[in-house]
Amino acid sequence: MTLNKQTVNEYMAAFRVSDHARILACLTDDIVWEMPGIYQHVGKEAFDKEIENENFIGSPTIQIIKMVEENNIVIAEGAVQGNMKNGNILDAVFCDVFEMENTKIKKLTSYLMSRNSSLKFE
């Protein structure tokens, strides 16, 4: 496994237990975390505030389905579940695009889709 993939694995493992210090150690100081159309956080302080989002209770369950790397880009596809404060359950799939610099995460673009959505395609 490459060093970049090891960093992404460590990031995911730390996120599963909401270990802020371990998560932040995987990031560059000028980290950008973007969920297109929803938010963009710049810097470790802003990233740290989103680790335990105020809408959720406890740590998420995260499964990695596949991970691929080319040059300094690691793409992780997976699933995430979490308990929300309003009583709902997050059950979603994701695709995270990690832009790496010196084995640290410089930019994370997260694409998330709920599996318990009421959308129907006919």
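**Strands, helix and salt bridges**

Guide: Isoleucine 73 counts as partly exposed, at 32% relative accessibility. This is a predicted model, by the way.

Visitor: Where is the place of isoleucine 73?
Guide: Isoleucine 73 is in strand β4. Isoleucine 75 has its place in β4 too, a strand that covers residues 73–84.

Visitor: Which residues make the nonpolar surface patch?
Guide: Val68, Ile73 and Ile75 make it. The patch has an area of about 200 Å².

Visitor: How far apart are isoleucine 73 and asparagine 86 in space?
Guide: They are 36 Å apart, C-alpha to C-alpha. In sequence, isoleucine 73 and asparagine 86 are 13 residues apart.

Visitor: Back to β4. How many bridges join β3 to β4?
Guide: Eleven. Strand β3 covers residues 56–70, and the two run antiparallel.

Visitor: Parallel or antiparallel for β4 and β5?
Guide: Antiparallel. That pairing has eleven bridges, and β5 spans residues 89–101.

Visitor: Which residue takes a positive phi in the hairpin of β4 and β5?
Guide: Glycine 87, with phi near 95°. This hairpin has four residues between the strands.

Visitor: Which residues of α1 are buried?
Guide: Asn4, Thr7, Val8, Tyr11, Met12, Ala14 and Phe15. They lie on the same side of α1, because they cover an arc of only 165° around the axis.

Visitor: What is the phi of the serine that follows α1?
Guide: Serine 18 follows α1, and its phi is positive, near 55°.

Visitor: Charges next. How many salt bridges does a search of the whole structure find?
Guide: Eight. One of them pairs the side chains of aspartate 29 and lysine 44, at 3.5 Å from N to O. This pair links distant parts of the chain, 15 residues apart. Aspartate 29 is in strand β1, residues 27–35, and lysine 44 is in helix α3, residues 44–51.

Visitor: How exposed is each partner? Start with aspartate 29: buried or exposed?
Guide: Aspartate 29 is exposed, because its relative accessible area is 63%, and exposed means over 50%. Lysine 44 is partly exposed at 25%.

Visitor: What does glutamate 45 meet in a salt bridge?
Guide: The side chain of lysine 49, at 3.7 Å from N to O. Glutamate 45 and lysine 49 are four residues apart in helix α3, so about one helical turn separates them. Both glutamate 45 and lysine 49 are exposed.

Visitor: Which residue forms a salt bridge with aspartate 91?
Guide: Arginine 115. The closest N and O atoms are 3.1 Å apart. Arginine 115 lies in the segment after β6 (104–114) and aspartate 91 in strand β5, so this pair ties together parts 24 residues apart in sequence.

Visitor: And the accessible area of arginine 115?
Guide: Arginine 115 has a relative accessible area of 46%, so partly exposed. Aspartate 91 is also partly exposed, with 23%.

Visitor: Last one. Which residues do salt bridges with shared partners join into one network?
Guide: Asp30, Glu101 and Lys106.

Terms used
Residues numbered from 1 in each chain as written. Predicted model: local features only at pLDDT ≥ 70, side-chain atom pairs only at ≥ 80, totals over all residues. Heavy atoms only, no water. Buried < 20%, exposed > 50% of the residue type's maximum accessible area, 1.4 Å probe, protein only. Arc of directions from axis to C-beta. Patch = residues over 30% accessible without salt bridge, like charges linked within 9 Å, V, L, I, M, F, W, Y side chains within 5 Å. Areas by Shrake-Rupley, 256 points an atom, 1.4 Å probe, with all protein chains shown as cover. Salt bridge = Lys/Arg side-chain N within 4 Å of Asp/Glu carboxyl O. Pairing = 2+ DSSP bridges.
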